[in-house]
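Good morning, and thank you for coming.

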Amino acid sequence: MGSELERLHARIRACTLCGLHATRTRAVPGSGRVPAEVMIVGEAPGFNEDVKGLPFVGPAGRLLDTLLRQIGLSREEVYITNVLKCRPPQNRDPMPHEAEACLPYLRLQFKLVQPKAVLVLGRHALERMLPGVGPISRVHGQIFVRSGVAFMPCYHPAAALHNAALLDDLQKDFDRVREYLDRLLGEERAEPEEAAVEPGPEPTDPEPPPEAEQLSLI
Ligand code: SF4
């Protein structure tokens, strides 16, 4: 599995499928281990990530590390990536055709990681991964179960860096992820044959509107 991931990362580093390859310093495939219980998906690399070729390494990354630590997880235990693997110039919003070109990589990563929970960080990642569920201000902290995998939208750590209210929401949302995992793992230990039953604090699995574009990660 590890070498499969390395081969995928190498493909991403050499990718020229959209115009962002011309302006990137380095592509940012992702980091962490596979398989992993928790997968974290942000929007796109920023300045620091583009320079280093690693996801979430600037101030937002340090906040993410702190949030993970507070729920007993480390960066090494999860898998972290973005919807877009290359930085849009001046951190502009990703364009739909760029996200489309890049999505196959995210699907392959999802298959390798086999997560139990996916944290969807920020508005753009939410729009791509859970289209039609509502704005992040309303749905953050909710759990949307898709084929047994829990997807939870959260504010992007970069948005919470200078906003105490958002930071408070983000910490509470991470606490819910911990609760969800604890409940899930507890049920798996107690009744392994029922591990496929959807657990968690009031998970919601609304039918997406027919017009909504689907990521089809699964
Ligand atoms: S953003 Fe994705 S599709 Fe575009 S060049 Fe980078 S890796 Fe390839």
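I shall speak about the sheet, then one of its strands, then the core and the ligand.

This is a predicted model, in which local features need pLDDT of at least 70, side-chain atom pairs count only at pLDDT 80 or more, and totals for chains, interfaces and linings use all residues. Residues are numbered from 1 along each chain as its sequence is written.

Let us start with the sheet. Helices (H or I, at least four residues) and strands (E, at least two) are DSSP runs, numbered from the N terminus. Two strands pair if DSSP finds at least two bridges between them. The model has an open sheet of 6 strands in the order 1-3-2-4-6-5, and its pairing is mixed. Strand 1 (31–32) and strand 5 (144–146) are at the edges with a single partner strand each, so one side of each has no neighbour in the sheet. Strand 1 runs antiparallel to strand 3 (residues 79–82), and 2 bridges join them. Here Ser 31 stands opposite Ile 80.

Is strand 2 (residues 38–42) mostly covered or uncovered? A residue is buried if 20 or more other C-beta atoms lie within 10 Å of its own, exposed if 12 or fewer, and partly exposed in between, with C-beta atoms placed from the backbone. By that rule, 5 of the 5 residues in strand 2 are buried. Val 38, Ile 40 and Gly 42 are on one side, while Met 39 and Val 41 are on the other.

Next comes the core. A nonpolar core is a set of buried Ala, Val, Leu, Ile, Met, Phe, Trp, Tyr and Cys residues joined through C-beta atoms within 7 Å. The largest one has 56 residues, and Met 39, Val 41 and Val 78 are among those that touch the most other members. Helix 4 gives the most to this core, with 7 residues.

Helix 4 (residues 96–113) also gives the most to the shell around the ligand, with 3 residues. In that shell, 14 residues surround the ligand, the closest being Cys 15, Cys 18, His 21, Cys 86 and Cys 102; a residue is near if its C-beta atom, placed from the backbone, lies within 6 Å.
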